[in-house]
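Subject: Handover of a structure and notes on its contents

Dear colleague,

Please find below the structure that I am handing over to you. My notes follow it.

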Amino acid sequence: MTASHEILLDKYAELTVRSGLNVRVGQQVLISAPIEAIDLVRRITHHAYKVGASLVTTLYNDEKTALMRYTDGNAAAFDAAPAWLFDGMAEAFRDGNCARLAVIGEDPSLLSGQDIDKVSRANRARSTAYRPVVELITSFATNWCVISAATPSHAKSVFPNLSENEALAALWTAIFKCTRADLPDPVGAWELHTKALHARTATLNAKRFSALRYKGPGTDFTLGLVDDHIWCGGASVAKNGILCNPNIPSEEVFTMPHRERVDGVVLSTKPLSYQGTFIDGIQVRFEKGRIVEGSATTGQDVFRKMIETDDGAARLGEVALVPQSSPISASGIVFNETLYDENAASHIAVGQAYSQNMKDTSILNAEEKLARGMNTSLIHVDWMIGSGELNVEGVFKDGSAEPLMRNGEWVD
Ligand code: ZN
Ligand code: ZN
């Protein structure tokens, strides 16, 4: 790689530590990353120690060894998960003294050829064991961040016609651009970006819409919001008092759908990768919040199994609006990775809702949250429904409405 790549990689690492995690002096940092991202992890580790981290611990994943479970493992053993490891992670995050960084970049179709039953059993076992961690992360017990690294397999999936080296270079270029790491002052740029997102959420929170109405090719549905919904976007203050950017990049503003108030049909506009398999052309019909009919042109079996994970897996936990002019959408690249693709288009997610999207969640018990319309599930999977032809209206309690997005762009 070139000298300028090394400089950009270092700026990206510094951005991750300062704007993404905002590591506090004395804090520990737990990183998970693909083994191919080791150069980036080393730079992140360097910057984390420079701002005063007490200890940086990294768990590396390797695709080749992950596959061996399917090729060489015992067929009866797909219900195992390292609960002891996840319990330890939960312990680390609970008091907010350990920040969490996930570096992603897996081959989006790593498990495509494998037995669906084994894959879904392994996913379920993992999701169940990982649940304590997910709950702490989604309720912002600590400062956390997800970023992406270009790895050979992922880069080839994005740029199949390029050589491996060209694909890697092209994906890094796109990552640096979309994350603003290629600007002279990435940390400053993220402060400005956060301000803009916070202004947007303030406007939407003042409206108190009761529902959103969507119309586009193949999409015609009404999505009710929970009464006490909160629009969020950009940086959030975690319970340990640290302001962090949980996703870099992030262009979305998002809130909580009511788990029983979604009706109509929706067509997805971009493919999604769900735990190693591609799903594309999703078409669903909602009735009283539940998916009652669902199909996909690619990965239909995996999609159907996914929404059958539990009751909440066929209901919505998130709704997000993203303008078509976002830098990720403007790049024209389909990244085969939700972190990027969800920020290129308006989207919905089935499964677990985020506590930050409803008032008073910290003092409500599970039953009360459910009664107010908050969805719960082992999964949270975003899929893209936005396009340059999508119109969205905000609907008030009295039934009147005002346009929010026209042809994929904010109206104001
Ligand atoms: Zn989202
Ligand atoms: Zn989501």
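In these notes a residue is called buried under 20% relative accessible area, exposed over 50% and partly exposed in between, computed with a 1.4 Å probe on protein chains only. The model is a predicted one, in which local features need pLDDT of at least 70 and side-chain atom pairs count only at pLDDT 80 or more, while totals for chains, interfaces and linings use all residues. Residues are numbered from 1 along each chain as its sequence is written, chains are lettered from A and ligands numbered from 1 in the order in which they are written, and side-chain values use heavy atoms, with hydrogens and water left out.

The zinc sites

Donors are taken as N, O and S atoms within 2.8 Å of the metal (3.2 Å for Na, K and Ca); water is not among the atoms, so sites may look incomplete. Glu252 belongs to the loop between strand S8 (243-244) and strand S9 (253-255), and His347 to strand S16 (residues 347-351), so the pair ties together parts that are 95 residues apart in sequence. Helices (H or I, at least four residues) and strands (E, at least two) are DSSP runs, numbered from the N terminus. Glu252 is buried, with a relative accessible area of 5%, and His347 is buried as well, at 0%.

The zinc ion (ligand 2) is held by Glu318 (OE), His380 (NE2), Asp382 (OD) and Asp382 (OD) as protein donors, at 2.0 to 2.6 Å. Their spacing along the chain is E-x61-H-x1-D. His380 is partly exposed, with a relative accessible area of 24%, whereas Asp382 is buried at 8%. Glu318 coordinates both zinc ions, ligand 1 and ligand 2, which are 3.5 Å apart.

Geometry was classified as follows: four donors count as tetrahedral if all angles lie between 85 and 135 degrees; four count as square planar and six as octahedral if opposite donors are over 155 degrees apart and all others between 65 and 115; anything else is irregular. The arrangement around the zinc ion (ligand 2) is irregular because its 4 donor atoms subtend angles of 55 to 145°.

The sheet and a hairpin

Two strands are said to pair if DSSP finds at least two bridges between them. An open sheet is formed by 4 strands in the order S9-S15-S16-S17, with antiparallel pairing. S9 and strand S17 (380-384) are at the edges with a single partner strand each, so one side of each is left without a neighbour in the sheet. Within the sheet, strand S15 (residues 316-321) is joined to S16 by 4 bridges, and the two run antiparallel.

Strand S13 (residues 283-287) has a covered face of Val284 and Phe286 and an uncovered one of Gln283, Arg285 and Glu287. S13 pairs with strand S10 (residues 257-267) in the antiparallel sense over 4 bridges, and Val284 is the bridge partner of Val266. S13 is also joined to strand S14 (residues 290-295) by 5 bridges, again antiparallel, with Gln283 opposite Ser295. The hairpin of S13 and S14 has 2 residues between the strands, and Lys288 takes a positive phi near 50° there.

Pockets and cavities

On a 1 Å grid over the protein atoms alone, a cavity is a set of points where a 1.4 Å probe fits but cannot get out, and a pocket is an open set with protein on both sides within 12 Å along at least five of seven lines; lining residues have an atom within 4 Å of a point. Grid points are joined across faces, edges and corners, and a volume is the space filled by probe spheres set on the points.

The second largest pocket holds about 530 Å³ of space. Its lining has 22 residues, of which Ser139, Ser355, Thr361, Lys369 and Met374 lie nearest its centre. Helix H5 (116-138), strand S7 (236-237) and helix H12 (366-371) each give two or more residues to this lining, and the largest share, 4 residues, comes from H5.

The whole structure contains 2 cavities of 30 Å³ or more. The largest cavity has a volume of about 50 Å³ and is lined by Ser127, Arg131, Val134, Glu135, Gln352, Ser377 and Leu378.

With kind regards
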